[in-house]
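Subject: Structure handover

Hello,

Here is the structure for you to look over. My notes on it follow below.

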Amino acid sequence: MKTTRMLAAAATTAALSLSVLTASPAEAGVTRSFSESASDGSASWGTITFSNYSWSVDAYIYRDSNATITLEVCGHQTLNNGSWGLLTCKSASNGGSIGSTRHVTTLSGSADWAKVGMVTTYLYVNGVYADGDWNYAF
């Protein structure tokens, strides 16, 4: 599946005459903090560490209502025309009791053929967007 996605993304990039930028050592190991909140009091926060062709996420999801609280994290590659190409998205929910906080470390990702330039973090309440950020590696 991963190979199929990589080939499809590479074909799309080639068809659009875009190239993927390579990572520079100065951008390896950059850590960014994020924090999202919803009107019902639910929230998510944590850190994203960029490491050339991958990112790792250490996140917390706080549930403050009966709603389903979901954090979605998406990695994006940097294209040479200044736009972004979506690599992959992962999500996790906190279905625990009201007032509980879930620690999540499974939202990381990699793309050994593309520079990871940005990771978006989106918080959803009952499937509806509540808050989000664009977190840049540079």
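This is a predicted model: local features need pLDDT of at least 70, side-chain atom pairs count only at pLDDT 80 or more; totals for chains, interfaces and linings use all residues.

Start at the loop between strand 2 and strand 3, where Asn52 sits. Asn52 is not a glycine, yet its phi is positive, about 55°. Most residues other than glycine have a negative phi. The relative accessible area of Asn52 is 28%, so the residue counts as partly exposed.

A second case lies further along. Asn126 is in the loop between strand 8 and strand 9. Asn126 is not a glycine either, and its phi is positive at about 50°. The hairpin of strand 8 and strand 9 has 2 residues between the strands. Asn126 has a relative accessibility of 52%, so it counts as exposed.

The hairpin itself

Strand 8 and strand 9 run antiparallel and pair over 8 bridges. Val125 has its bridge partner in strand 9, namely Val128. Ala130 also belongs to strand 9. Its relative accessibility is 31%, so Ala130 is classed as partly exposed. Which residues does Ala130 touch, leaving out those up to four places away in sequence? They are Ser37, Ala38, Leu123, Tyr124 and Val125. Ser39 is worth a look here too. Ala130 and Ser39 are 91 residues apart in sequence, but their C-alpha atoms are 7.6 Å apart in space.

An open sheet of 4 strands has the order 5-4-8-9, and the pairing is antiparallel. Strand 5 (84-94) and strand 9 (128-136) are at the edges. Each has a single partner strand, so one side of each has no neighbour in the sheet. From one strand to the next, the twist averages 20°. Strand 4 (residues 69-78) pairs with strand 5 over 10 bridges, again in the antiparallel sense. Val73 has Lys90 of strand 5 as its bridge partner.

The core

In soluble globular proteins, nonpolar side chains tend to be buried together.

Aromatic pairs

There are 6 aromatic pairs in the count. One of them is Trp45 with Tyr60. Their ring centres are 5.7 Å apart and their planes meet at 15°, so this pair is stacked. Trp45 is in strand 2 (residues 43-51) and Tyr60 is in strand 3 (residues 54-62), so the pair ties together parts 15 residues apart in sequence. Trp45 counts as partly exposed, at 35% relative accessibility. Tyr60 counts as partly exposed too, at 28%.

Tyr136 and Phe138 make another pair. Their centres are 5.7 Å apart, but their planes are at 45°, so the pair is tilted. Tyr136 is partly exposed at 29% relative accessibility. Phe138, at 52%, counts as exposed.

Finally, look at Asp58 in strand 3. Asp58 has 29% relative accessibility, so it counts as partly exposed. Where does its side chain make a polar contact of 2.4 Å? The partner is the side chain of His103. Leaving aside neighbours within four places in sequence, Asp58 is also in contact with Trp45, Gly46 and Thr47, as well as Val104 and Thr105. Thr106 lies 48 residues from Asp58 along the chain, and their C-alpha atoms are separated by 8.2 Å.

Best wishes

Terms used:
Residues are numbered from 1 along each chain as its sequence is written. Side-chain values use heavy atoms; hydrogens and water are left out. Two strands pair if DSSP finds at least two bridges between them. Axes are lines fitted to C-alpha atoms, for helices over the stretch in contact, and angles run from 0 to 180 degrees between N-to-C directions. Rings of Phe, Tyr and Trp (its six-membered ring) pair if their centres lie within 6.5 Å; planes under 30 degrees apart count as stacked, over 60 as edge-to-face and the rest as tilted. Buried means under 20% relative accessible area, exposed over 50%, partly exposed in between (1.4 Å probe, protein chains only). Contact means heavy atoms within 4.5 Å. A polar contact is a pair of N or O atoms within 3.5 Å; within protein, one must be able to donate a hydrogen and the other to accept it, and residues adjacent in sequence count only if both atoms are side-chain atoms.
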